[in-house]
Amino acid sequence: MFASGSAEAGMAIPLLKTKLYIPAVRPKLVARPRLIERLDEGLCSAKLTLISAPAGFGKTTLLGEWIHCRMRGAGRECPAVSTKARATDHSSVVHARHSVPAFGFSWLSLDAGDNDPTRFWAYVIAALQTVYPDVGQAALSALQASQSRTLPVELLLTGLINEVATKSDPLVLVLDDFHLIDSAQVHEGIVFLIDSLPDQGMHVVLSGRADPPWPLARRRARGEMTELRASDLRFTPQEAAAFLNDVTGLGLSAQDIAALDARTEGWIAGLQLAALSMRGSSDLSAFVSAFSGSHRLILDYLVEEVLDRQSADVQAFLLQTSILERMTASLCDAVMDMQQADKPASRRCAGSQESLEHLEQANLFLVPLDDERRWYRYHHLFAELLRGRLHQNQPDLVPVLHRRASRWYEAQGLIDEAFGHALGSGDVERAADLVERNGLQMVVRSECSTLAKWLEELPEELVRRRPWLCVCHAWVRYYVGPREQVEPRLQDAEQALRDMASAETPALTEVERRYVAGHVAALRAYMALQKEELDRVAELAQRALDLLPTGDYARATSAIALAAQQTFGTLPEVSYARATSAIALAETPRERGDLAASERAYARAREIAEECGNTPMAVSAVAYMAYQQAKQGRLHKAQETNRQALALAIGPDGRELPAAGLPYVKMGDLMREWNELQTATRYLERGIELCLQWGHADALITGYTILARVQLAQGDLGRACDTFRNAEQLQQKTDVDPWAICWIDDCRLRLWLAAGDLSAAASWAEGSGLTTGDALSFVRDLEHVNLARALVARGLHRPDSPYLDEALALLARLSEAAEGAGWISRAIEILVLRSVALLACGDKGMALEALTRALTLAEPEGYVRTFVDEGAPVRELLGKAAACPVAPHGEYVGQLLSAFGAAPEKKARALVSSSDLVEPLTEREVEVLRLMATDLTSPEMAKELVVSVNTVRTHIQHIYQKLAVHSRYEAVSRARELSLL
Amino acid sequence: LAGGREFDKPAIYEVCVKGAVDAAWASYWFEGFAVVRLPNDESLLMGQVADQSALLGLLARMRDLGLPLLSVRRVGHGEMPEEDVQDGEDNG
């Protein structure tokens, strides 16, 4: 429920452009037409290309060359092929015939940090945007919104795939070093992406040292994947010869080439190292025979040879900079401790830039990462070997180098790298300082997975000692779970504060300790709200507000900002906790039914949020106020309040903020009630679009369920079920608030009843654990309304059962509670249900009385759907009401009856048992049907049944036809009716 | 299945790779592992890993260094035994 939307500015996840750089092609390369052709064919025949081979097999180089060929001339012959093609090489001829359409190429070099799903997908989208700058903007903003951690990535990817599909030229996404990904979540997302790609439109290339940990055999067998493996990538003897003589110009004899090739077995890195060792050597044959005869490991031998041939300066540079993942001159200067600033400007440029350029020219495994020669990296394998040698020769220097790198990265604001190097230097206190200074900002930016990873890499004892780290960890656990681990961390924070209070020189000032206590209270307020401990919510949220700084104390805040800035960041983060507490506080009276107090509290929450510059949260506060007004039966007032929220939700650039999604959705609900179904649809579609960008799961669930009800009102059960599935998926995949689950149950129940699936409704009611005798909850009041609805439906079906009496008893209590609380909308809904139940009992007089009371409450605000949605019984009663000699609501009743007329009647089902099916289901279809009743996706079903996704889809289509339904939901309901399940 | 608790405990593994691994060199890459050169240009690395994750980390490092893997075998539980690794026969 909480819209912890962040302020707009400065929230973007920092992205390194160098990771998106398509590797440059070295001027001299061995042309590999046979492999280029395989890659081209892969583009046309499958959605996935997998390049899997150990280090040093030329994977990245090949991909770089391929892309540059394709970009130079799509569909034309690759120039490198024509210049190098020999008469005997038939592949170039084949290649020329083979016309490849134009593709847009995007590249992402992965590193271990990309196991954070938020970061991974942000980078993927950034890569795609290098080709099409307009794709993925909604998905990217959803990822960067605060609550995106709760949104399933499938939802974001579906939108992205659809956007890509509209583009004229298909896209290729290359993910290099994919073996570094070990996050199950990222793997799931990638599999989903590949399985969901349209046949044309996008192609994924995964390149790495190991196969991805998902089943490949089936894809391979069905030709859904093109593969290049070590055996393909090894240099053929001809390629080795071309490399040693044409590219490196060594001029070796055929015999020497054969010997080198035999020793390296076409392993490219080995040949390259050998060539480097031989350069400048007077007796090449002697080298070759020594190398061939050596019993040492090739790598070990060759790296030593190569290093020994470098000058002392170059050796030092190579070894000391080997600790870096990426290099730029000023970073290398820092690591080598070259004090450039002390030197006169004229003499400065020497040093690292020169060294880097020298290494690049000497082909010493240096890979440029941009066109400007600013960023480089070593070839991975070479870097690993250099690092090994550094550890062996100068172990004492290693921590020093890491510390220097960490400082440099921190100064650049690249905290992930700074943290990694701090750990590398063994200086955990420094690493902890970095987390402390940046952690809360990362919570705001929703980089929770990265933050969690850092905190886990720090020693537990250290985290416990530092209250801010405990607070950060508690926020992370609140957002990504496990939530039961929040409280222990809060207790750790408090213990650390107590220890500090008795210390002579506490690490935190008194002011900061207050803020920590404020964060602890704010988090506990959230947790208490989840557990519905309402007294505690009020107390804790108020405490948080008291402890955290307000805008009123100008002097105090500037001192506070200064103090806070030094140890933990800037003021907005303090405000972040403050603004969220204000919303929590406003929730409390609402749930107590005290509506006037609630309205005041929301107004205050809006003020505080605006004070903190947190517009999304101010918008949420106003939208929640509107929701309260609607619940109170003040629909027109609610409409006005929602308009205010929309007016507030405009960004500095004049565009609507994603937070506008919430008021749009709430507006849609009002329009739905007024039976303005087309307007409602427009509002809801816009609201859902914005909520997706916002990444707000609860608001999205509201949007989907309301839209499903609109579609149901339009008589389109199939579409309603499809829309509803989105809400259900969100519920399955995210930690949604308990009241959102009530909305889902409400909508599901209505869909079941519309589909005539009474048994599903009955088993829900029995499995829900709810009874008519329960104490009623203000938080989940809808829960018991749902139960009553299920009971009424069962009672209508079997009037002799006790269901109707049970329903009536419950409805009487609910009605009393709702009217007592002033929840007029709910009271009307309950009265209408009551009239339906009474009519079914045969008590027409009482039924009419209940309905008349509902009409009295409803007429001033013009409720429509609350009556019409209940269907035929209400229509019958309204007809009777209209026929009354003194009809008190004559005109209104007339309007309602005409709304019934407009509503298309549900198509009567002809089929009542499975034997009535025109064409019986096959055994396989029944199997598929059983899986459809689970929450498996089509690809998952395919996996389960060991068939292709397309086969599953075909089965599903047949099932739909045979059952005369249009959605999975309907199919399952129908199958249950027919006892097929 | 993730296996039982047994695999959370230290165990001794021997890993056979292709190539003559130098003991000094291996002491950095595979800390705490003894290296035995075998005939046929193979090397046997033997040592203790803390748990299954540590073992997989070790194998990933071999992959990253381009060492072709011939066999992996668990040869004992708990700590390294006192007696040293015996010079093995061809283990490929």
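This is a predicted model: local features need pLDDT of at least 70, side-chain atom pairs count only at pLDDT 80 or more; totals for chains, interfaces and linings use all residues.
Residues are numbered from 1 along each chain as its sequence is written, chains are lettered from A and ligands numbered from 1 in the order in which they are written, and side-chain values use heavy atoms, with hydrogens and water left out.

**Exercise 1. Describe the interface of chain A and chain B.**

Step 1: start with the opening question.

Step 2: look at who takes part. Chain A brings 18 residues to the contact and chain B brings 15 residues; contact means heavy atoms within 4.5 Å.

Step 3: get the area. About 1300 Å² is buried between the chains, with carbon and sulfur atoms giving 60% of that. Buried area is the accessible area (1.4 Å probe) that two parts lose on being put together, summed over both.

Step 4: find the elements. On the side of chain A that touches chain B, α15 (298-308) and α19 (380-393) each supply at least two residues, and the largest share, eight residues, comes from α19(A). Helices (H or I, at least four residues) and strands (E, at least two) are DSSP runs, numbered from the N terminus.

**Exercise 2. Trace the open sheet of five strands in chain A.**

Step 1: write down the order. It goes β2-β3-β4-β1-β5, with parallel pairing; two strands pair if DSSP finds at least two bridges between them.

Step 2: pick out the edges. They are β2 (104-109) and β5 (225-229) of chain A, each pairing on one side only.

Step 3: Six bridges join β2(A) to β3 (residues 171-176) of chain A, and Trp107(A) sits opposite Val174(A) in β3(A).

Step 4: zoom in on β1 (residues 48-52) of chain A. Five of its five residues are buried, so β1(A) is largely enclosed by the rest of the structure. Buried means under 20% relative accessible area, exposed over 50%, partly exposed in between (1.4 Å probe, protein chains only).

Step 5: check the partners of β1(A). Five bridges join β1(A) to β4(A), where Leu50(A) faces Leu206(A). With β5(A), β1(A) also pairs over five bridges, and Ser52(A) stands opposite Arg229(A) there.

**Exercise 3. Is Arg326(A) buried or exposed?**

Step 1: locate Arg326(A). This residue lies in the loop between α16 (312-321) and α17 (329-336) of chain A.

Step 2: read off the area. Its relative accessible area is 10%, so Arg326(A) is buried.

Step 3: look around. Leaving aside neighbours within four places in sequence, Arg326(A) is in contact with several residues, including Leu16(A), Trp375(A) and Tyr409(A).

**Exercise 4. Which strands stand at the edges of the open sheet in chain B?**

Step 1: get the order. The four strands run β2-β3-β1-β4, with antiparallel pairing.

Step 2: name the edges. β2 (34-38) and β4 (69-77) of chain B each have a single partner strand, so one side of each is left without a neighbour in the sheet.

Step 3: follow one pair. β2(B) and β3 (residues 42-49) of chain B share five bridges, and Val36(B) stands opposite Leu44(B).
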